[in-house]
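Trainee: I would like to go through this structure with you, please. Could we take it one topic at a time?

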Amino acid sequence: MRIEEIKPSQRKKGRILVKLSDGSILRLTEDVVLSYGLRPGEELGEDRLAALRSDAAAAVVKTQAAEIVGSRALSRRELERKLQRRGAAPEAVQGAADWLEDIGALDDGNYAGVVARHYAQRGYGPGRVRQELQRRGVDREHWDDALRELPDSAGAIDAYIAKKCRGQVPDEKLRRRIVDGLLRRGFRWEEIRAGLSRFGAAEDLEE
């Protein structure tokens, strides 16, 4: 197989298009082209061509991965799922994720903190944050540091109770609704009961 033309892509910065004699085009990164020393007119043997095709597929996945994490924060697992749904080969997915981690564009530790702060700002507790970290595929080794960033639960619980009570001591029905709502938000029973006690509304509550 002969290389007919090598030129930069007009659509993707840093991508090089290598046109072959059969009409196919390899989409490579600049560093791959330089590392292979490719030049127009070169005849490619089967092994060299196979390696180039593999590198071309990996380069496309890297570009997709960079675009995905550039649009929103993700965990490594979330990125891998997105790339897999696009049909990327497992080795290309792993290579792209490793590359993004190496350059600091993918960091599950930082991402866990982002998730924790986001849900804390919305009034959720540690239990809900743990659920979200698990759902998003964040490794458990990052959970403790993220959870340490959460503010004291009492403030969020008090704000929730105050909003529901509107200045009144809640009756039994409302107390039960408050308890259920706070449990869903990821707070522990002991924390909820203490919060209701601060409002003088913890009587006759059972776990």
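Trainee: Where does R166 lie?

Mentor: This is a predicted model, and in it R166 lies in the loop between helix 8 (153-165) and helix 9.

Trainee: Is R166 buried or exposed?

Mentor: R166 is exposed, because its relative accessible area is 74%, and the cut-off for exposed is over 50%.

Trainee: What is the phi value of R166?

Mentor: Phi of R166 is near 55°, which is positive although the residue is not glycine. Most residues other than glycine have a negative phi.

Trainee: Let us go to helix 8. Which residues does S153 touch?

Mentor: S153 is found in helix 8. Leaving aside residues up to four places away in sequence, S153 touches P126, F187 and E191.

Trainee: And is S153 buried or exposed?

Mentor: S153 is buried, because its relative accessible area is 11% and buried means under 20%.

Trainee: Now the helix pairs. How does one describe two packed helices?

Mentor: Two values are used: the angle between the helix axes and the distance between those axes.

Trainee: What are these values for helix 9 and helix 10?

Mentor: Helix 9 (residues 172-184) and helix 10 (residues 189-198) pack at an angle of about 140°, and their axes are 10 Å apart. The two helices are therefore oblique to each other. Helix 9 passes helix 10 in a right-handed crossing.

Trainee: Which residues meet there?

Mentor: From helix 9 there are I178, V179, L182 and L183, and they meet W189, I192 and L196 of helix 10. The residues of this contact comprise 7 nonpolar, no polar and no charged.

Trainee: What about helix 2 and helix 4: at what angle do they pack?

Mentor: Helix 2 (residues 46-71) and helix 4 (residues 90-102) pack at about 50°, with 9 Å between their axes. Helix 2 and helix 4 are therefore oblique to each other, and their crossing is right-handed.

Trainee: Which residues make that contact?

Mentor: Helix 2 contributes A58, V61, K62, A65, A66 and V69, while helix 4 contributes A92, V93, G95, A96, W99 and L100.

Trainee: How many of them are nonpolar, polar and charged?

Mentor: The contact of helix 2 with helix 4 has 10 nonpolar residues, 1 polar residue and 1 charged residue.

Trainee: A change of topic: where is E132?

Mentor: E132 is in helix 6 (residues 126-135).

Trainee: Is E132 buried or exposed?

Mentor: E132 counts as buried, because its relative accessibility is 7%.

Trainee: Which residues does E132 touch?

Mentor: Not counting residues up to four places away in sequence, E132 touches V115 and Y119. With Y119 there is also a polar contact between the two side chains, at 3.3 Å.

Trainee: One last residue, please. In which strand is L17 found?

Mentor: L17 is found in strand 2 (residues 15-20). With a relative accessible area of 17%, L17 is buried.

Trainee: What does L17 touch?

Mentor: Apart from residues up to four places away in sequence, L17 touches E5, I6, K7, S9, I25, L26 and R27.

Trainee: And how are L17 and L49 placed?

Mentor: L17 and L49 are 32 residues apart along the chain, and 14 Å separates their C-alpha atoms.

Conventions:
Residues numbered from 1 in each chain as written. Predicted model: local features only at pLDDT ≥ 70, side-chain atom pairs only at ≥ 80, totals over all residues. Heavy atoms only, no water. Axes fitted to C-alpha atoms, helices over the stretch in contact; angles between N-to-C directions. Helix = DSSP H or I, 4+ residues; strand = E, 2+ residues; numbered from the N terminus. Parallel < 35°, antiparallel > 145°, perpendicular 65-115°, else oblique. Left-handed = near helix turned anticlockwise from the far one by under 90°. Contact = heavy atoms within 4.5 Å. Nonpolar A, V, L, I, M, F, W, Y, C, P; charged D, E, K, R; others polar. Buried < 20%, exposed > 50% of the residue type's maximum accessible area, 1.4 Å probe, protein only. Polar contact = N/O pair within 3.5 Å; in protein donor to acceptor, adjacent residues only side chain to side chain.
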